[in-house]
Structures are given as C-alpha cells and as structure tokens.
Amino acid sequence: MISTIVPRRFTRVLTHWRGKLLPLQCPVCHLALPAHHSLCCDACWDAHHQCLLCQCCGLPVSQPQARCGACLSQPPAWDRLVAISGYHDPLPQLIHAFKYQGAFELALPFAQQLSDRILTPAPVLLPVPLHWRRRWQRGFNQSLHLAWALADNLDTRVVDTYLSRARHTAPQQGLSRQDRLHNLCGAFALHGPLPASHVAIVDDVVTTGQTVSQLCRLLRKAGAKTIDVYCLARTDLP
C-alpha cells in the first residue's frame, strides 16, 4: 500500500511547488506559461494540434469519424482509442522528458488534457506494465503515473496488479512489424479475476499498436467486453 500512496502524493506535492517556485516556460515559444498545470501555451498548442483522429484507431482523419475506413475493413483489437493528439510537437519532447528524464510531474497536465477527451470513462484503468528490470533502470512506470493522475480526474480506479510483464523484452522502437510481434510473444500475463467487463489500457504512446493488441487479446480471453485505450499520442503508421 505504501508504494502506491507515496508516489501519488509526492507527484502532487512536486508539481505544486515546481509551479510555485520555478518560472515555467512554454517548450515551443519559451514564453511564460499562464498556469503551472499547462503543457504549453494556448497559441502554440493551437498551432500544432489541428489534426482530427479516428475515435476507434486514433489515426488522423479528414473529418470527425467514429470509425474510419481502415477500422471498418480491419477493426483493431480494442473498441476505442483516445489520445491527446498525434505525435506532433511539442508532445514528443514532453513525453521524452516524462519517460526518460524523471519529469513524472507532467502526468498531471497530461492527464488533464487526456481526460477532457474521454466522454465515457472505463471504471477500471490498467497501466501497461514494465518488467522489473526496466522499472528499476527508469525508476518508475510512466504508464502507472499517468493512470493514477487520470483516475483522479475521471473518478475511476487503477488496478496495477492485474497485468504483469512476464519476461524482459527489447524496446519496440525501431523494430519491424514482424519483429514486434515476435518480441511480444508471451511477454504479458494476467493475475486473478478480471476486475471489470469494461477496462481501459493506459499507455504513453501507441505506434503500431502491437503492445496494446497483445494485451487486448489476453483481456478478451479473460472475458472483457469493452476495451478502451488511453494514451498521450498516436503515431502515424509507416
């Protein structure tokens, strides 16, 4: 219980005092941010984020759509994907700082942006697990911190003991589609009964979708009826 409560409280305290003591700047134009919980200023956000995303797969579309043509012809393993935006500036540098530079206080503004786009929240959030070796190297699981912050905004609960990384795998980044599939074979395991029939997988970035698809297949076998994916960004397929 201590390992769950302390990081959540520490994140809130760190974010509060960072906003009080440090003059935060927009990462794009470097002007002062109007509020400490903002990711960037409104002008830069509007300039970089005009793209629409399919409500099912999360890929760019020309007009609002519940399911794009690709989803109709080849439905993804999940039911709905919600992302802040496509993988466009300034999100990549913010996500990099969040994952690799210990800026886990960004979970709070990330969660605020993301929760504003989630109309019907899943009652249970399942963060994508890290293998214990990678978690030890990084110091924390960014998906878990994001899930905690989302749960506060959406009034849902996080179950971080149901999914586990059964074996250590190479990073998915840079691998071909075939190598990604092979890399994830047998990588995850479920523990105990399914916590709810409607669940949401929480991840930082969805690229080809192989990681969340693998988890979806396990969750479907366990009895999940509706599976959402909540992520910070959805990259364009190559």
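Are D204 and K99 buried or exposed? Both D204 and K99 are buried, where buried means under 20% relative accessible area, exposed over 50% and partly exposed in between, with a 1.4 Å probe and protein chains only. This is a predicted model, in which local features need pLDDT of at least 70 and side-chain atom pairs count only at pLDDT 80 or more, whereas totals for chains, interfaces and linings use all residues. Residues are numbered from 1 along each chain as its sequence is written, and side-chain values use heavy atoms, with hydrogens and water left out.

**Salt bridges**

- The count comes to two salt bridges, a salt bridge being a side-chain nitrogen of Lys or Arg within 4 Å of a carboxyl oxygen of Asp or Glu.
- D204 forms a salt bridge with K99, and the closest N and O atoms are 3.0 Å apart.
- D204 lies in strand β8 (residues 198–206) and K99 in helix α4, so this pair ties together parts that are 105 residues apart in sequence.
- Helices (H or I, at least four residues) and strands (E, at least two) are DSSP runs, numbered from the N terminus.
- D79 forms a salt bridge with R220, again with the closest N and O atoms 3.0 Å apart.

**Helix α4**

- Seven of the ten residues of helix α4 (residues 91–100) are buried, so this helix is largely enclosed by the rest of the structure.
- The buried residues in α4 are L91, P92, L94, I95, A97, F98 and K99.
- G102, which follows α4, has a positive phi, near 70°.

**Packing of α5 and α7**

- The axes of helix α5 (residues 107–115) and helix α7 (residues 142–154) come within 8 Å and cross at roughly 50°; axes are lines fitted to C-alpha atoms, for helices over the stretch in contact, and angles run from 0 to 180 degrees between N-to-C directions.
- α5 and α7 are therefore oblique to each other, because angles under 35 degrees count as roughly parallel, over 145 as roughly antiparallel, 65 to 115 as roughly perpendicular and the rest as oblique.
- The contact (heavy atoms within 4.5 Å) is made by residues including F110 and L114 of α5 and L146 and L150 of α7.
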